[in-house]
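Thank you all for coming.

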Amino acid sequence: MNNNTTPLAPLSSGSSAPLSDLSASRDVRRRVLTLAQLREHGVGGPRAAAECRPGGPWQQLLPGVFLLHPGTPTSEERLRAVLLYAGRPAAKAVPVPAQAGPDAPAYDSVMITGPAALALYGFSSSPGLLSLDRIDVLVPRTRRLRSTGFARLIRAHALPRPEQVTGLPVAPVARAVADAIADLSEARAVVALLTEAVRGGHCEPAVVVRELTLSGLLARPHVVQAVDTLLAEGRTLAEGRLYEMVRAHGLSEPVWNVELRLPGGAKLGTVDAYWPEFAVAVELDTRAAADEDDDGAGWAEAVRKREHLERLGITVVHLTPRKLRESLDQQATVVRTALMTADARDPAARVQVLPR
């Protein structure tokens, strides 16, 4: 049967790999290519467009980004397409050799963020990649591109350093969480994401709250409500690790969560653990950016309290949730050293110890 379709010319002899080999490759970096990369294989715009005609062997996923096979693209192919569209690397930035696997692709400074990033991190409270209608990608504010198709561009004044997840640049968890929360309108869904981020050990509460603050999301009441739950979750986890540290390392049992006062009744403040016979106190710093006054008054007050206790001869060991999570043995050594050296210090002032 006659038609007006012009047969496609073969690839030029200077191409770096036959396109039939690329389309059959198991490596997604050889199946999803930009037009600039196709030109490196001798394929110009007209031929690429012809290959993408209805019933053709290729398809255009996003402007200037092509999938070298028909059918539904995989999640990995969609992720790569978004990065290529937003990053727009030069043709030679992503070599596609005929034999060896391609080098790690350069996506400029862009990275996957939002729900897609959380799915890559393995969050169960975020939708899976297959169910996402769009993929968020973080780009420099000056990038002159528009959101289109399943690619949504999120612009940032300052880009964080990406993590490498399955070979793809992905925004750090805290930033990905903040970008995902920007689209949520219910406190319950926000709480689920924040809780998994902290309980799963992905990041500290203070880091998440800082990202929410920078994103302007703490102006939303349902996000503030969720953050209150997050901070309580973070303190509970840190207290649990502190209990574990004392018991697993054979430290003498302190009194927990107490308020210290001078005999005359003047309040000295509260501490998370206190050994009266050694005059050693442990304080957990689970504060976040949202807890501090704009002028840093919250931090200054904490420093004044600590200095006052130390002037009275009480040794204050300052611990953070991150230290307890990442170096529990080392923190136990710090506390044990403080207890063992108590006799070498001048006697501490007498204080009253009351339940918090």
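The second largest pocket has a volume of about 320 Å³, where a pocket is, on a 1 Å grid over the protein atoms alone, an open set of points with protein on both sides within 12 Å along at least five of seven lines, and a volume is the space filled by probe spheres set on the points, which are joined across faces, edges and corners. Please keep in mind that this is a predicted model, in which local features need pLDDT of at least 70 and side-chain atom pairs count only at pLDDT 80 or more, while totals for chains, interfaces and linings use all residues. Residues are numbered from 1 along each chain as its sequence is written, and side-chain values use heavy atoms, with hydrogens and water left out.

This second largest pocket is lined by 15 residues, and those nearest its centre are Ile 154, Arg 155, Arg 175, Asp 179 and Ser 215; a lining residue has an atom within 4 Å of a point. Two or more lining residues come from each of β6 (151-156), α7 (173-181) and α9 (205-214), helices being DSSP runs of H or I with at least four residues and strands runs of E with at least two, numbered from the N terminus. The largest share, four residues, is given by β6. By class, the lining has six nonpolar, two polar and seven charged residues, where Ala, Val, Leu, Ile, Met, Phe, Trp, Tyr, Cys and Pro count as nonpolar, Asp, Glu, Lys and Arg as charged, and the others, Gly among them, as polar.

What about enclosed space? The structure holds one cavity of 30 Å³ or more, a cavity being a set of points where a 1.4 Å probe fits but cannot get out. The largest cavity has a volume of about 40 Å³, and its lining includes Cys 203, Gly 234 and Arg 325. Helix α10 gives the largest share of that lining, three residues.

Is Cys 203 buried or exposed? Cys 203 is buried, because its relative accessible area is 10%, and buried means under 20%, exposed over 50% and partly exposed in between, with a 1.4 Å probe and protein chains only. Cys 52, by contrast, counts as partly exposed because its relative accessibility is 22%.

Finally, Leu 231 is found in helix α10, residues 221-248, and is buried at 16% relative accessible area. Leu 231 and Leu 194 are 37 residues apart in sequence and 9.5 Å apart in space, C-alpha to C-alpha.
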